[in-house]
Amino acid sequence: MPTIALLLASNFFMTTAWYWHLKAGAGVPIVRVIAISWGLALIEYCFAVPANRLGYAHGWSASQLKIAQEAISLLVFAGFAAFVLGEPLGWRHAAAFVLIMGAVALLVWK
């Protein structure tokens, strides 16, 4: 569970680093946007690296860690797109998430 919590935090910061400027930073000069995003990415790494080390030490394979990160990334992005960017979520988002969850199950199931 700590691995998942750390991956959630990691993805929150990385999604924010990549997409916050589309709405909140639209008027901010690009050099400043890049600097802010790099700062957020640094925080993201402070969560991602321990998440991967901890997960790997507890028996997760690198592939399992990666597919879990991708699933979490889509979940976090969907929330960010809806609540921060105001973009509606539709059936295609749900279908894509179901397919990704199928990939997670395929890789994790032994």
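Start by selecting Asn52, which sits in helix 2 (residues 30-57). Helices here are DSSP runs of H or I of at least four residues, strands are E runs of at least two, and both are numbered from the N terminus. At 32% relative accessibility, Asn52 is partly exposed; buried means under 20% relative accessible area, exposed over 50%, and partly exposed in between, with a 1.4 Å probe and protein chains only.

A word on what you have open. This is a predicted model, where local features need pLDDT of at least 70 and side-chain atom pairs count only at pLDDT 80 or more, while totals for chains, interfaces and linings use all residues. Residues are numbered from 1 along each chain as its sequence is written, and side-chain values use heavy atoms, with hydrogens and water left out.

**Zoom out**

Show the whole chain as a cartoon. You'll find four helices and zero strands, in the order α-α-α-α along the sequence. The C-alpha trace spans about 50 × 35 × 15 Å along its principal axes. Colour by accessibility and 29% of the 110 residues come up as buried. Take the contacts (heavy atoms within 4.5 Å) between residues at least 6 apart in sequence, and 77% of them join residues at least 24 apart.

**Helix 1 against helix 2**

Select these two helices next. Their axes are 8 Å apart and they pack at an angle of about 160 degrees. Axes are lines fitted to C-alpha atoms, for helices over the stretch in contact, and angles run from 0 to 180 degrees between N-to-C directions. That angle makes helix 1 roughly antiparallel to helix 2; the cut-offs are under 35 degrees for roughly parallel, over 145 for roughly antiparallel, 65 to 115 for roughly perpendicular, and oblique for the rest. The crossing of this pair is left-handed, meaning that the near helix is turned anticlockwise from the far one by less than a right angle, with clockwise being right-handed.

By class, the contact of helix 1 with helix 2 has 16 nonpolar, five polar and one charged residues. Ala, Val, Leu, Ile, Met, Phe, Trp, Tyr, Cys and Pro count as nonpolar, Asp, Glu, Lys and Arg as charged, and the others, Gly among them, as polar.

While you're here, click on Ser37 in helix 2. Is Ser37 buried or exposed? Ser37 is buried, with a relative accessible area of 12%. Leaving out residues up to four places away in sequence, Ser37 touches Ala17 and Trp20.

**Helix 1 against helix 3**

Keep helix 1 (residues 2-19) and bring in helix 3 (residues 62-83): the angle is about 50 degrees and the axes are 9 Å apart. These two helices are therefore oblique to each other, and their crossing is right-handed. Residues to show include Leu8, Phe12 and Tyr19 from helix 1, facing a set in helix 3 that includes Ile72, Val76 and Phe80. The contact of helix 1 with helix 3 divides into eleven nonpolar, six polar and no charged residues.

How many salt bridges does a search of the whole structure find? It finds one, a salt bridge being a side-chain nitrogen of Lys or Arg within 4 Å of a carboxyl oxygen of Asp or Glu. Select Lys66 and Glu70, whose closest N and O atoms are 2.8 Å apart. The two are four residues apart in helix 3, so about one helical turn separates Lys66 and Glu70. Lys66 is partly exposed at 47% relative accessible area, and Glu70 is partly exposed at 32%.

**Last stop: helix 4**

Show helix 3 with helix 4: the axes come within 9 Å and cross at roughly 160 degrees. That makes helix 3 roughly antiparallel to helix 4, and the crossing is left-handed. Among the residues that meet are Ile67 and Leu75 in helix 3 and Phe97, Met101 and Leu107 in helix 4. The contact of helix 3 with helix 4 has eleven nonpolar, two polar and no charged residues.

Finish on Ile100, in helix 4 (residues 91-108). Ile100 is partly exposed, at 23% relative accessible area. Beyond its neighbours within four places in sequence, Ile100 is in contact with Ala71 and Leu74. Draw one more distance, between the C-alpha atoms of Ile100 and Ile67: 8.3 Å, for residues 33 apart along the chain.
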